[in-house]
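Reader: Before I set anything up, could you walk me through this one, and start with how you use your terms?

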Amino acid sequence: MRVQPDAVFVPLNIAVLTVSDTRTVENAASGALLADRSVAMGHRVIARVLLKDDLYKIRAQVATWIADQQVQVVLITGGTGFTGRDTTLEAVECLLERRVNGFGELLHGLSTLDVGTSAVQRRALAGLSNHTLVCCLPGSTGACRTAWEGILAEQLDARHRPCNFVKHVRL
């Protein structure tokens, strides 16, 4: 990571949403990974929720967090596959004011090192809304680890240069 020498780490308030028809908060490994990595980095996880794959419940939860002045980042894992029940991206996309073009593509590129051509089946999306960064990640713990290590750890760090998302969220 390229760090500006005089920059200061800014802890962010993060909400983690796991979307799954089969997991519970207690056994949702990908949500736990995102929460644990956030806290280990110095951020605060101020909410952690698990919802079934339901487009309107997902949309309502994310909209509530976007409207909440305390939430600066929403990390969502799961519901991004190709089955009829996977509706996370469709639930969230209409809530975004600006898409982070290249987020999914970068995750695809990083994922090919782990899963080869299967990376094309990893749907991901990120964007900004009401000064809140929203990131939709696959439900796979490996994909969440790849996204954290390859994208999120740097982009959620105010010291990372040449740019990061901290300046775009409400502080």
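Author: Gladly, and the exposure classes come before anything else: buried means under 20% relative accessible area, exposed means over 50%, and partly exposed is what lies in between, computed with a 1.4 Å probe on protein chains only. This is a predicted model, in which local features need pLDDT of at least 70 and side-chain atom pairs count only at pLDDT 80 or more, while totals for chains, interfaces and linings use all residues. Residues are numbered from 1 along each chain as its sequence is written, and side-chain values use heavy atoms, with hydrogens and water left out.

Reader: Okay, salt bridges then. How many does the structure hold?

Author: The structure holds 5 salt bridges, where the term stands for a side-chain nitrogen of Lys or Arg within 4 Å of a carboxyl oxygen of Asp or Glu. One of them joins the side chains of Arg 85 and Asp 21, with 3.1 Å from N to O. Arg 85 sits in the loop between strand 3 (73-77) and helix 3 (88-93), and Asp 21 in the loop between strand 1 (13-19) and helix 1, so this pair ties together parts that are 64 residues apart in sequence. Helices here are DSSP runs of H or I with at least four residues, strands are runs of E with at least two, and both are numbered from the N terminus.

Reader: Which residue forms a salt bridge with Arg 37?

Author: That is Glu 149, and the closest N and O atoms of the pair are 3.1 Å apart. The two belong to distant parts of the chain, with Glu 149 in helix 5 (residues 141-155) and Arg 37 in helix 1, 112 residues apart. Arg 37 is partly exposed, at a relative accessible area of 25%. Another salt bridge brings together the side chains of Arg 99 and Glu 93 at 2.6 Å, N to O; Arg 99 is partly exposed at 46% relative accessibility, and Glu 93 is partly exposed at 37%.

Reader: Switching to the strands, what does strand 6 pair with?

Author: Strand 3 and strand 6 run parallel and are joined by 5 bridges, whereas strand 5 (residues 125-129) pairs with strand 6 in the antiparallel sense, also over 5 bridges; pairing requires that DSSP finds at least two bridges between two strands. In strand 6, Cys 135 has Leu 75 opposite, and Cys 136 has Leu 125 opposite. The hairpin of strand 5 and strand 6 has 2 residues between the strands, and Asn 130 takes a positive phi near 50° there.

Reader: How many residues of strand 6 are buried?

Author: In strand 6 (residues 132-137), 6 of its 6 residues are buried. Thr 132, Val 134 and Cys 136 point one way, Leu 133, Cys 135 and Leu 137 point the other way, and all are buried.

Reader: With those cysteines around, how many disulfides are there?

Author: A search of the whole structure finds 0 disulfides, the term meaning a pair of cysteine sulfur atoms within 2.5 Å. For Cys 144, which is in no disulfide, the nearest cysteine sulfur is that of Cys 135, 11 Å away. Cys 144 is buried, at 0% relative accessibility. Cys 163 is likewise in no disulfide, and its nearest cysteine sulfur, again that of Cys 135, is 14 Å away; Cys 163 is partly exposed, with a relative accessible area of 41%.
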